[in-house]
Amino acid sequence: KAIAYHAAKANTPTIGIDVTHLSGKPFPEAQVLATRALVQSLADQFDIKLKIAPDNVRKPIADWLAEGYTLLRHRNVNRTVCPEGFPIELMIPQVSV
């Protein structure tokens, strides 16, 4: 069984979504909307209640999951700026784009 490596020590209990863009540039609206649709589809399929982890806080994935957080940035678990400038708050359906 192959497992993609997307977030150190967080690969088994998580679903990783790579949202690539040019550093320093805003994410295109179409990309944000497509990512939002994918997040909502996965949340529906796997019965996941969407809750965004606070930014600029890093701790082990097990801690985030124990606290009920389900939407994490790479920088929530690793030393990185990724995803630089991504509007994660727009992944919650009631937030307008």
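**Notebook: nonpolar residues, outside and inside**

I started on the surface, where Ile15, Ile17, Leu38, Phe46 and Ile48 form a nonpolar patch with about 410 Å² of accessible area together. A reminder to myself: this is a predicted model.

I then looked up one member of that patch, Ile15. Ile15 sits in the segment before α1, the helix that spans 29-45.

Next I went inside. Nonpolar side chains tend to be buried together in soluble globular proteins. Which residues make up the largest nonpolar core here? I listed 12 residues in all: Val19, Phe27, Val32, Val39, Ala43, Leu50, Leu71, Phe86, Ile88, Leu90, Met91 and Ile92. I also noted a second, separate core of five residues, with Ala53, Ile61, Trp64 and Tyr69 among them.

Leaving aside residues up to four places away in sequence, I found Leu50 touching Val39, Gln40, Ala43, Thr70, Leu71, Met91, Ile92 and Pro93.

My last stop was Val57, in the loop between α1 and α2 (61-66). I read a relative accessibility of 31% for Val57, so this residue is partly exposed. What does Val57 touch, not counting residues up to four places away in sequence? I found Trp64, Arg75 and Asn76; Trp64 also belongs to the second core. Finally, I checked Val57 against Asn78, 21 residues apart along the chain, and their C-alpha atoms are separated by 10.0 Å.

Methods. Residues are numbered from 1 along each chain as its sequence is written. This is a predicted model: local features need pLDDT of at least 70, side-chain atom pairs count only at pLDDT 80 or more; totals for chains, interfaces and linings use all residues. Side-chain values use heavy atoms; hydrogens and water are left out. A nonpolar core is a set of buried Ala, Val, Leu, Ile, Met, Phe, Trp, Tyr and Cys residues joined through side-chain atoms within 4.5 Å. Buried means under 20% relative accessible area, exposed over 50%, partly exposed in between (1.4 Å probe, protein chains only). Contact means heavy atoms within 4.5 Å. Patches are made of residues with over 30% relative accessible area and no salt bridge: like charges are joined within 9 Å, nonpolar side chains (Val, Leu, Ile, Met, Phe, Trp, Tyr) within 5 Å. Accessible areas come from the Shrake-Rupley method with a 1.4 Å probe; for residues, only the protein chains shown count as cover. A salt bridge is a side-chain nitrogen of Lys or Arg within 4 Å of a carboxyl oxygen of Asp or Glu. Helices (H or I, at least four residues) and strands (E, at least two) are DSSP runs, numbered from the N terminus.
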